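Here's a protein to explore together. Take a look at the model first, and then we'll walk through it piece by piece.

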Amino acid sequence: QTGRQADRQTGTAGGRQGQRAACGVRRAACAMAFVEPFGEVRGAGACSLYTLRDGDGHSLSVTDFGAGIVRLVVPAAGGPLDVALGYDGAAAYDGGARADRPYLGCVVGRVANRIRGGAFALDGEAFTVPANDGANALHGGTRGFDRRRWARVGEDSASSITFEYKSPAGEMGFPGELTARCTYTLEGGGRLRTQLEATCDAPTPVALAQHCYWNLAGHASGQTVDAHVLEVNSNAYTDTNHKLIPTGELVDVSGTPLDFRLGVAVGSRVDEAGGYDHNFVLARTRCRAGEEVRRCARLSCVESGVAFELCTNAPGVQVYSGNFLDGEKGKGGAVYPTRGGIALETQGWPNAVNEASFPSVILRPGERYVHTMLHAFSCGAPAGTELKAATIPKKA
């Protein structure tokens with residue numbers, strides 16, 4: 001059995017879906033959703049896996065541990081295809097004491113990406129976050145939102161689910177109690193909407209991100225994403241030092257291996273770039289209700305014919321090319337090689353808590369943090385389809 005065959009057997013049957021408008025909204029009739037056990041995590045208890053479906057052959061499986069995406073099955077031309085990297089149980093997502101865990105599929109916070117020295121000042125008071133990336137804090141510290149069990153809240157729906165996590169004041173060193181929500185909705189027509197929201201009772205930094213890794217050839221294909229074509233609607237990126245901490249400068253992408261404006265194969269210049277782990281500038285806005293959702297990126301795989309467009313209201317998108325996956329053991333016996341998946345993490349800019357010139361990530365009482373992502377999937381004909389069809393002899 002090939003990896004691709006195993007991949008498709010994890011999916012559900014569904015017809016082919018054509019191109020749709022990337023930022024449109026349409027509800028579709030959905031099949032029955034279901035819940036199943038997903039194992040236990042020490043300190044978090046029993047966790048669950050929830051599966052949503054739409055009427056177009058797409059299904060999404062998410063877990064309450066880390067509010068993470070575990071599976072995303074699309075109706076590819078060759079059959080149902082799971083394009084999201086993941087694990088078989090919640091304990092693997094916890095990662096225990098692994099400093100190098102890859103954050104597959106989870107929601108990261110209270111502050112995604114890096115905080116220089118794990119320290120910042122807010123309204124004249126100093127705060128410290130436990131360092132977990134050398135001397136710096138990454139994705140909220142040693143036990144961020146990705147290692148917490150979220151509560152399922154709101155009304156039951158076959159196509160939408162909401163998780164909530166209440167982070168107490170002082171957790172991981174952050175001030176104020178924060179109530180965070182993550183809502184996943186299959187809107188029909190290949191559209192997945194992810195909405196991250198938060199409110200607080202005291203001023204605090206908030207920059208949540210969804211950290212799913214995608215391989216549009218199939219998570220179990222065994223292939224890298226080097227042949228995937230990536231387009232990013234950005235003219236600049238935030239410059240960093242050798243520890244990936246922003247210097248405060250913005251760099252024009254023109255003439256660099258980070259120019260994805262016209263669409264480039266991920267692997268064509270990845271070595272020149274030293275691997276991709278860069279924040280691309282999209283806007284100088286903050287994640288708030290009413291901010292326009294704009295198209296920021298497109299990812300496509302010629303071999304499978306699967307593609308998606310990504311829209312967001314976030315000011316940045318971190319492109320991470322899975323530089324350190326290197327044999328990560330995933331669900332169903334899959335092994336993820338270096339660059340076996342790519343993460344497009346819409347976000348606030350890294351280390352914004354320490355850079356006054358960056359868009360602010362500070363949330364204050366009475367304000368609502370609203371971060372929207374819309375993935376619009378399409379499934380066209382894979383490479384070689386037309387050639388194969390043309391070589392089939394016609395019946396006499």
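## A salt bridge to start with

Let's begin with Asp133, which is partly exposed at 26% relative accessibility; that label covers everything between buried (under 20% relative accessible area) and exposed (over 50%), using a 1.4 Å probe and protein chains only. Asp133 forms a salt bridge with Arg114, and their closest N and O atoms are 2.9 Å apart. For a salt bridge, a side-chain nitrogen of Lys or Arg has to be within 4 Å of a carboxyl oxygen of Asp or Glu. Asp133 lies in the loop between β9 (125–128) and β10 (137–138) and Arg114 in strand β7 (residues 114–115), so the pair ties together parts that are 19 residues apart in sequence. Arg114 itself counts as buried, at 9%.

Before going on, a word on what you're looking at: this is a predicted model, where local features need pLDDT of at least 70 and side-chain atom pairs count only at pLDDT 80 or more, while totals for chains, interfaces and linings use all residues. Residues are numbered from 1 along each chain as its sequence is written, and side-chain values use heavy atoms, with hydrogens and water left out.

## The whole protein

The protein has four helices and 30 strands. These are DSSP runs numbered from the N terminus: helices are H or I with at least four residues, and strands are E with at least two. Out of 396 residues, 58% count as buried.

How many salt bridges does the structure hold? There are 19 salt bridges in the structure. One of them joins Asp226 to Arg339, with the closest N and O atoms 2.7 Å apart. Those two residues are 113 residues apart and link distant parts of the chain. Asp226 is partly exposed at 22%, whereas Arg339 is buried at 17%.

Another salt bridge is formed by Arg288 and Glu367, and here the closest N and O atoms are 3.4 Å apart. Arg288 lies in the loop between β22 and β23 and Glu367 in the loop between β29 (362–363) and β30 (369–379), so this pair ties together parts that are 79 residues apart in sequence. There's also a network of salt bridges linking Glu231, Arg295, Arg298 and Glu309.

## Rings together

The structure holds 15 aromatic pairs. Rings of Phe, Tyr and Trp (its six-membered ring) pair if their centres lie within 6.5 Å; planes under 30 degrees apart count as stacked, over 60 as edge-to-face and the rest as tilted. Phe145 and Trp150 have ring centres 6.1 Å apart and planes at 85°, so they're edge-to-face. Phe145 is buried at 2%, and Trp150 is buried at 1%.

Phe260 and Phe280 make an edge-to-face pair too, with 75° between the planes. The charged end of Arg269 sits over the ring of Phe260, 5.9 Å from its centre; to count, NZ of Lys or CZ of Arg must be within 6 Å of the ring centre and within 35 degrees of the ring normal.

## A closer look at β22

Phe280 belongs to strand β22 (residues 277–281). Five of the five residues of β22 are buried, so the strand is largely enclosed by the rest of the structure. Asp277, Asn279 and Val281 point one way, while His278 and Phe280 point the other way. In a regular strand, side chains alternate between the two faces of the sheet.

Which strand is joined to β22 by five bridges? That's β25 (residues 316–320), and the two run antiparallel; strands pair if DSSP finds at least two bridges between them. Within β25, Gly316 is the bridge partner of Val281.
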